[in-house]
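Hi there,

I'm handing over the structure we talked about, so please have a look at it first. My notes on what was found follow below.

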Amino acid sequence: MADRWEHQTIDYVPFRPAAVVKYMLRDDRVHRWAPLAPALFHLSLVHAYSRTLVERVEAQLTRRL
């Protein structure tokens with residue numbers, strides 16, 4: 001029986017706030033994340049770029065949805 005969280009492919013995304021958030025919110029991906037994945041990506045981006053920048057980018061991109 002296949003594990004629903006087991007990936008069949010690996011996608012490489014530049015580790016920049018806009019690129020990561022856009023990838024996470026893609027129509028074909030948005031409902032396919034393990035429960036903690038979005039929070040871990042968010043915290044990793046905050047660690048690398050600062051909370052202010054990451055939250056600004058997330059707000060801009062989610063407004064466009």
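Helices H2 and H3 are oblique to each other, a word kept for angles that are not under 35 degrees (roughly parallel), over 145 (roughly antiparallel) or 65 to 115 (roughly perpendicular). Helix H2 covers residues 37-49 and helix H3 residues 51-63, and they pack at about 130° with axes 7 Å apart. Helices here are DSSP runs (H or I, at least four residues), and the axes are lines fitted to C-alpha atoms over the stretch in contact, with angles from 0 to 180 degrees between N-to-C directions.

On the H2 side, the contact (heavy atoms within 4.5 Å) is made by His 42, Leu 45, Val 46 and Tyr 49; H3 brings Arg 51, Leu 53, Val 54, Glu 55 and Glu 58.

This is a predicted model, where local features need pLDDT of at least 70, side-chain atom pairs need 80 or more, and totals for chains, interfaces and linings use all residues. Residues are numbered from 1 along each chain as its sequence is written, and side-chain values use heavy atoms, leaving out hydrogens and water.

How many salt bridges does a search of the whole structure find? There are 2, counting a side-chain nitrogen of Lys or Arg within 4 Å of a carboxyl oxygen of Asp or Glu. One joins Glu 55 and Arg 51 at 2.9 Å, N to O; these residues lie 4 apart in helix H3, about one helical turn. The other links Arg 26 with Asp 28 at 2.6 Å, N to O.

Happy browsing!

Technical notes: Helix = DSSP H or I, 4+ residues; strand = E, 2+ residues; numbered from the N terminus.
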